[in-house]
Each structure stands twice: as structure tokens, then as C-alpha cells.
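Hi,

Here is the structure I promised to pass on.

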Amino acid sequence: MSEPQHYQIPPTLAWEEFPDEIVAIDLDRGIYYNLTDGAADAFPAFATPATAAGVAAHLAPRYDADTAAIEAAVASLLEELVAEGLVAAVPGGGEAPAPVAAPAEKRPLAGFSLKKHDDLQELLVIDPVHGAGDGGWPNKKG
Amino acid sequence: MAPGSDAGPAPWLAADTERALSLARASFAAAAARAARHTVDVDFGGARLRLELAGDAARATFATALEAAPADGRAPDLTILAWDAAHGAPLAPPEPDREAPIQVGRHYATGGGEVDGHARRCVFWEPPWIYGYDLGERVAWFHCPDAGGMPAWSRSQPFLRLLHAWLRTRGRLVAHGAVIGRGGRGLLLTAPGGSGKSSLAIAGKLAGWDYLGDDYVAVAPPGEDGGPARAFGLYRVAKLEPTHLAARLPAAGAYALDAPREGEKVLLSLPLTPAPGGLPLAAVIVPRVAAASALRRIGGGEALRALAPSTLMQLPGDGARDFAALARVLRGLPAYHLDIGPRPAEALALLAPLLAVPEAGT
């Protein structure tokens, strides 16, 4: 039986955590993301190498759902995170994150997805505000 | 990598940033020998900048937006040389590939090791301009084909990327936002273009509020002493769409520098409020134009999404570190979403209570 795959946030990714959400930015592609609710809960658990099952077990005390449902939610989020390059497969190792403390009132299982924003991507190609004459900006292809 | 084909330096630039500075100095000296040379000192809250400008057009283009400070005998922390090819001193970068999209501010080469954790030398290629800096030599340079033909927007924010690179070594970040305030405290207004932040900042200035800029300001994260995040003014020339001037802020017309060229914004000369130590920030505001003015509290993450991407994508540098610093600026500040209705005074009235100084013990 093979070891479950571990995943980790790449050290080059810029991300910041606020009480209400996590914001991550990919400056090379001009895309930024925000993660709230379940996604904001799960994402920091990949700061060190972790498996989907390990993260689900870590979060389980917080949610009003069974283990299988939490694992499915984390797996679905992980698929998005990998596709967007916000986490990457890494060699296994290290300890699984410890379960979080159980809150007085458990949360419904929700929000295990990320929001992607590409509305500023054109800033990388031309500066939409800054028109210029011949030989200068903009130089946008028709 | 071919020039203009992708993010990265043009080969000419990547070859030798030290030689680029040497060529720039020689080119500037040749221009300064042929044209009137102007020296302008600027003080950004203790960070001292000196402009050495070759030609009257260079002075008009590059110095108008900067608040001149009286000479006080202090050596500058940075000197920027600016000149143009119109005075017979061309500094020609390679021709761009016109078929490929050009990434603004992303064709640059660095070299010379580091100063305070930042690249010591950098050369930017932003056709038709070429510019760069050497932080070790405390010198920067900016060359253009014709200083008198620069687009209006560039006159309102000269040397933006050079100031960004330099001020980072002074613990400050250039941020895409406006700052207005009252009573010694300020509000950082941040949102993409078209959100109404410039119009609101100008309306505040006209209403007697403190004013530190309408589009780009410098910010410093809270100090280790627990002091608040602070804002510093950069540019005293604001930009406004002619239609907004006519419809919303006709009184601003008295501050117009000149008649705008077709398709360009009106440039307004609006003196910055003196704030030598910076203006302590009381809140961050994310505005948008709406049918009626309204204010509601939002989270810091939403404010960071409004501030950081447009700042960092236009001012490339050490993205992760700058992103973290912008987050530190916002962490201690309450954040609000502001709908700006057709009467700016109503929006300002909603903001005024945010600037009240909390009473001791509250």
C-alpha cells in the first residue's frame, strides 16, 4: 500500500491571513485569490507537508459533519489548490497537524473552495490608465 | 529572451547594469552641458531626494508634481538625473518587438548585489523610456526621448518605480491609493481606477481636509513601538477625468495646470498638507461610485485585496515581502466599504467620524 500523497504551500507563494479570510497572490500570472470559511480553515494546515486525510482529521473537531464528509470537502479544495498552484505535491514526512480544539458550537461544513480574481491581469500587459503616443504605451495587440 | 516577448530583462540591460549607469551618467553630462541645468530638492518626511534636471522641459515635466523643499545644506539620500534625447544625448535601448505584448515595468535587470536586502542596481526598460538606479551610489536616472512630449499621466507621478525602489530601503512602500484626513489623522482610500477615489480625495482637499495625494502615496507599517501605520505624500499633481471635473467638482478647475490634451485627464496642482512625520492612519476605505453614499465595515482581507494586487502588479519588486508589508499596514486598521453618491460632501460626512480621536480609556 502506497503512502498517501503530502502537499505543501510553495515557499514562493505570497499569502496573508486575516481573521475573515486568507489572501494569496500570484504576481507572475496577475491572479489573486481569497479563501474564506472552510478553505481559510484548511489552507494554513498545508504550511507544512500534510495529507488530505491529515488535514481533515485536524479540522474535524470544528465541524458538524462526519469524517467522510470532511475528507471529501478537503479533497475537493485540495484539487482546486493544486490546479492553481497554491499547494504542490511534496515528499512525505513530518507529523500530521494535531486536531484543533473543539469549539463550543460546531460549524456547518461549508466554504471549502477558493475565489479566483483575474480582473487585474491586464495590468501586467498594459497599463490601462496610462495611454501614450507613438512608440509608447499602450502596445496592446488588437 | 527577446525584448518584449516575456517578463524579464532585455539582453542589453541584462548584460551589465554597472555599464548602464556609466553610460547614463555620460549621457546626462552631455545633455546638461547643452541645456539649462536645474536642481530641485524634495523631502519625503525625512528622506531627502535631489533632482538634477537637464533642460527647462525636463524641469516642467518631472518637477511639477514634486513638492520642492528649501535647500538646507543636507546631502541628499538619493539623486535622480533626468534628461532627454532632445538635447542631443540619446541613450537608446533596443527596439521593442512590436508584435509582442509588453509587460509594464517588468523588463528590468538587476545586479551589484544587495543594499539593505534589496537589489543594489536595477535598469528598467519601459519603451520609449529607460531608467534605473544604484542604491550603493545613491543615484538614479531617467532618460526619455522628449521631456516635453511625455503623456500627462507621467507628469503626475514622475519616477514612480524609482521612488518605490528607494523608499523600500527607508521602511516605506509606495501604495496605489489616496490619503485624506482631518485633525492629524488620515484615511487611506484604495481601489482600482474608476472607483472614485481620486475624485473623493480632491473633493476632500477642496473642502479643507488634509491631503497627501490622489493616486499614489507612501505608507509605513506600524512601528515596533506600537505606533500606528503612517502615510506620506508623494505627488502634488492629481488627475481627474474632464467629465468628472465638469459634473462633480467644477471648483477644482481653478487648480488645473493646463488644458488637457484630447483623451487625457485634467492635471490639478494640489499642494500636499505638510506632515513631516507622516500622517497616522485611522482607517482604510475601499470606495466605489454608486447611486447613493453609504458606509459599511468590511474585513481586513477585503481591504488587502483592494490595495495589494493593483499596487504590486504595477510596482514590481520583492513581491512577497512587499505583500507582507502592505498586510502589516492594514492589520491594525479598521476597514470600510464606501459607496460614493453623486454628492461627494455626503461621502465625506460619512468618513468624518472615523477620524475622531478615541478618548482615553475607550
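Below are some notes on chain B, one of its helices and one of its leucines.

Some housekeeping: this is a predicted model, so local features need pLDDT of at least 70 and side-chain atom pairs count only at pLDDT 80 or more, while totals for chains, interfaces and linings use all residues. Residues are numbered from 1 along each chain as its sequence is written, chains are lettered from A and ligands numbered from 1 in the order written, and side-chain values use heavy atoms, leaving out hydrogens and water.

Chain B has 10 helices and 18 strands (DSSP runs, numbered from the N terminus: helices are H or I with at least four residues, strands E with at least two). Of its 362 residues, 58% are buried (under 20% relative accessible area, 1.4 Å probe, protein chains only). Take the contacts (heavy atoms within 4.5 Å) between residues at least 6 apart in sequence: in chain B, 71% of them join residues at least 24 apart.

Helix H3 of chain B covers residues 56–63, and B:Ala58, B:Thr61, B:Phe62 and B:Ala63 are buried there. Down the axis of H3(B), the buried residues fall within an arc of 160° (taken from the directions from the helix axis to the C-beta atoms), so they line one face of the helix. Their cover includes strands E1 (37–44) and E2 (47–54) and helix H4 (152–156) of chain B.

Then there's B:Leu281, in strand E16 (residues 279–289) of chain B. B:Leu281 counts as buried because its relative accessibility is 4%. Leaving out residues up to four places away in sequence, B:Leu281 touches residues including B:Gly186, B:Val219, B:Arg230 and B:Leu333.

Cheers

Conventions:
Buried < 20%, exposed > 50% of the residue type's maximum accessible area, 1.4 Å probe, protein only.
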